[in-house]
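Me: Hi! Could you walk me through how some of the labels on this model were reached?
Reply: Happy to. Here is the sequence with its structure.

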Amino acid sequence: MSCLTLINKFFLNYRLTSRGIAWLTCIQLLLWMLLVIIDYYSLNYNNFDTGIFANLIANVIHSGNYYSTILAKHGFSDHFSPNLLLLIPLFKFYPSFLWLPFLKVVAYFSCIPILYALGKQILGKNHYGTQIVVFLWLINMPLGRTLYFEFQPSALALPFVLLAFLFAIKKENLKLILCLIFLLGFKEQLPLIWIAVGSFLIFLQNRSKIGFTLIVTGIFLGVIIVGYIMPAYNTTNSYQHLNKLGVLEMIPEKLLMLLMAFASVLFIPLVRPKSLLFIIPAFSLSLISGEVVMTSLSFHYQDLGLTVMFIGLFYGVKEIDSIPRLESFKKFLGSILFMIICLGINPRQPFLYLYRHWPTSEQKNIVEQIQEVRAKLPTLNQSPTIWITDSLGPYLYESNSLKSITDFEVINQIKDNKNVLIIISPKSNNYPLNKHAIEELEQQLLVFVKEKKLLQSHSFLPLNVFSSERIP
């Protein structure tokens, strides 16, 4: 018996059983949940973007205004995410920005039972292909990066995207419409899912009437949200991300992005070419963009497209199932998936994230000191504008005057005798300022200390804390 045959027999017969998938799911879930806590103590959350969304929710709770002090603008002018307001009870029950990454993990793993339900509808009960799809979901490299990236409301939409397709397949039209309406509240690009589901109904379900209606409605709602609602909250009365459009730009990069996305699911959706007609619309945000980062799989921009791709994966598996000599495919399936696991040993896996980001004693000390600063804020006579570096910001997300240090604007605030509290840590992420810029900023702040325009506190080392009034 050859080594390849042994690998196939072991992997195919023992690893992709329901029990094996259940164990893998539990292990992955525990690791990702642990990573939520580990990242808290290793300073791996940032104002951009976790702090921004936590700050929005806190400001609604404390002042009733859906306003970002970090961006100095209404929340809807940046992203249309009214569903975030549903998280207010959680933040009131236990005030912590960790709700956001925690719920992102919950959303990701709640997709698994929905994938099983989809498998039952598309492939049939207890079909082996469902195990393949769920397995690829759990080890998918681009999805792993999306899961680890900074919080974005679209991450919470993933299970509802799958539910929309499930309702479409089961012809539960009322549930489908309600689900699609709910999806609109996660982010402004969610009308793309209306278009994707509509295309799916036309080309794979032969339900042209409702499919065409969803496509037209999705386009209309997208125009309303981006062209009218969001500009109404912007001081320029326009959609602020319009300058990022570039439909005919970076064509090679966009094609490479799609190639890598399909490679992450073994190109199986391409076995059913019609699947492209509903998968591609879900990637439209990146395909019409002129921004390099939006064509990358290293950020969150492909989360919706990747999720819809798994619907295509089911139909690819179904098509393979109908091909004669299927046994020849199964013969090599085990080794293919084994190689995918080997390729999956990369920084996108949670256990490797844990290894790389396990907090140092210095990082834990920084977290303790920032919590000490937070405890002192209510004792100040006046409420200062808090200027803080990127990875420290989320720990003070509840402040209604939180600002992220992205340039030297804080210097002008001091010159104008504004009441400020400045918190810097050269050992943390200071995006977008580099080490040299932070050192230069610190030198200027020390000059203000000598001129008695600022006070420097040495009580929170290794944090460098400067303030207009003495911190008790």
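Reply: Let's start with a term: a residue is buried if its relative accessible area is under 20%. The model is a predicted one.

Me: Why is α7 called largely enclosed by the rest of the structure?
Reply: Because 11 of its 12 residues are buried.

Me: How do you know that the reach of α7 is close to the expected one?
Reply: Helix α7 covers residues 128-139, and its first and last C-alpha lie 17 Å apart.

Me: What makes Phe53 and Phe151 an edge-to-face pair?
Reply: Ring centres must lie within 6.5 Å, and planes over 60 degrees apart count as edge-to-face. Here the centres are 5.7 Å apart and the planes are at 80°, so the pair is edge-to-face. Phe53 sits in helix α3 and Phe151 in the loop between α8 and α9, 98 residues apart. Phe53 and Phe151 are both buried.

Me: Why is the pair of Phe200 and Phe278 said to tie together parts of the sequence?
Reply: Phe200 lies in helix α11 and Phe278 in helix α14, so the pair joins parts that are 78 residues apart in sequence. Their rings are 5.2 Å centre to centre with 85° between the planes, an edge-to-face pair. Phe200 and Phe278 are both buried.

Me: How many aromatic pairs does the structure hold?
Reply: There are 25. One aromatic cluster is formed by Tyr40, Tyr41, Tyr45, Phe91, Phe97, Tyr395 and Tyr397.

Technical notes
Residues are numbered from 1 along each chain as its sequence is written. This is a predicted model: local features need pLDDT of at least 70, side-chain atom pairs count only at pLDDT 80 or more; totals for chains, interfaces and linings use all residues. Side-chain values use heavy atoms; hydrogens and water are left out. Rings of Phe, Tyr and Trp (its six-membered ring) pair if their centres lie within 6.5 Å; planes under 30 degrees apart count as stacked, over 60 as edge-to-face and the rest as tilted. Helices (H or I, at least four residues) and strands (E, at least two) are DSSP runs, numbered from the N terminus. Buried means under 20% relative accessible area, exposed over 50%, partly exposed in between (1.4 Å probe, protein chains only). The expected span of a helix is 1.5 Å times one less than its number of residues.
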